[in-house]
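I opened my notebook for a slow look around one protein chain. Here is what I looked up, entry by entry.

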Amino acid sequence: MRAWAAAIGLLVLGGCASEAPVEQPSMYLNMTDPGAKLDAQAAATMISLYRKNNGVGAVVIDPELMKIAEAQSDAMASRNKLDHDVKAPLPKRLQAAGYPSTLAVENVSAGYHTLAEAFSGWRDSPPHRANMLQNGVTKMGIAASYAPNTKYKVFWTLILASTEPRDAVGVRLPSALMAD
């Protein structure tokens, strides 16, 4: 009788083991893996939660900022160079793309293989942390470009911006106070 109970127990446990494996969170996806694609929504959620925990507002994905961030990451990857100005300074790149930012900051990095690593690197660097916690930004674009034959392999760009009108000292103006 005990042998039967043990056999049934093993079968039940074996059935549990054959269930679908737990999927790895996208923030740990290695961008050097074939077909890896950055989960921008996971990045927006991660950055927004970090911002909220530090008393500033959330950000949302902006398709235009995504394109501008991707162009910057691609440019760094193609030149094997970590540099904000590899193509042009951020304000010029935004202007060239016709993006109407009134406030914009950018983090770039290289060598991190996952979103979690890139985020941690930015969080632990005072200037990058200040950018992620920039008050007044409401939109973001993020990109990671993989270049296997380069020193760093993965090049990251995060752009945080606002298109809200601001006064001369950078304070967001309420819609009711703006002139037509």
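A term to begin with: a polar contact is a pair of N or O atoms within 3.5 Å; within protein, one must be able to donate a hydrogen and the other to accept it, and residues adjacent in sequence count only if both atoms are side-chain atoms. I also keep to DSSP runs, numbered from the N terminus: helices are H or I with at least four residues, and strands are E with at least two.

**Ground rules**

I am working with a predicted model, where local features need pLDDT of at least 70, side-chain atom pairs count only at pLDDT 80 or more, and totals for chains, interfaces and linings use all residues. Residues are numbered from 1 along each chain as its sequence is written, and side-chain values use heavy atoms, with hydrogens and water left out.

**Entry 1: helix 2**

Next I checked the length. The expected span of a helix is 1.5 Å times one less than its number of residues. Helix 2 has 14 residues and reaches 20 Å from its first C-alpha to its last, close to the 20 Å expected.

Then I asked which residues of helix 2 are buried. For this, buried means under 20% relative accessible area, exposed means over 50%, and partly exposed is in between (1.4 Å probe, protein chains only). My list for helix 2 is Ala 40, Ala 43, Ala 44, Met 46, Ile 47, Ser 48, Tyr 50 and Arg 51. The buried residues of helix 2 pack against several elements, including strand 1, helix 3 and helix 6 (126-132). Contact here means heavy atoms within 4.5 Å.

**Entry 2: aromatic pairs**

Rings of Phe, Tyr and Trp (its six-membered ring) pair if their centres lie within 6.5 Å; planes under 30 degrees apart count as stacked, over 60 as edge-to-face and the rest as tilted. I found two aromatic pairs by this rule. In one of them, the ring centres of Tyr 50 and Phe 119 are 5.3 Å apart and the planes stand at 90°, so I noted it as edge-to-face. Tyr 50 belongs to helix 2 (residues 40-53) and Phe 119 to helix 5 (residues 115-123), so this pair ties together parts that are 69 residues apart in sequence. Both Tyr 50 and Phe 119 are buried.

Tyr 152 and Phe 155 have ring centres 5.9 Å apart and planes at 90°, so I wrote edge-to-face here too. Tyr 152 is partly exposed, at 26% relative accessible area, while Phe 155 is buried, at 0%.

**Entry 3: the sheet**

Two strands pair if DSSP finds at least two bridges between them. In what order do the four strands of the open sheet lie? I read it as 1-3-4-2, with mixed pairing. Strand 1 (60-61) and strand 2 are the edge strands, each pairing on one side only. Strand 1 runs parallel to strand 3 (residues 139-146), with two bridges between them, and Ile 61 stands opposite Met 140.

Helix 3 (residues 63-79) packs on the sheet, touching strand 1, strand 2, strand 3 and strand 4 (154-162). The direction of helix 3 makes about 30° with that of strand 3; such axes are lines fitted to C-alpha atoms, for helices over the stretch in contact, and angles run from 0 to 180 degrees between N-to-C directions.

Strand 3 and strand 4 are antiparallel and joined by eight bridges; Gly 141 has Ile 159 as its bridge partner in strand 4. Strand 2 and strand 4 also pair in the antiparallel sense, over eight bridges, and Glu 106 stands opposite Ile 159.

**Entry 4: strand 2 and Asn 107**

Seven of the eight residues of strand 2 are buried, so I noted the strand as largely enclosed by the rest of the structure. I picked out Asn 107, which sits in strand 2 (residues 103-110). Is Asn 107 buried or exposed? At 1% relative accessibility, Asn 107 counts as buried. The side chain of Asn 107 reaches the backbone oxygen of His 128 at 3.2 Å. Setting aside neighbours within four places in sequence, the contacts of Asn 107 include His 84, Trp 122 and Trp 156.
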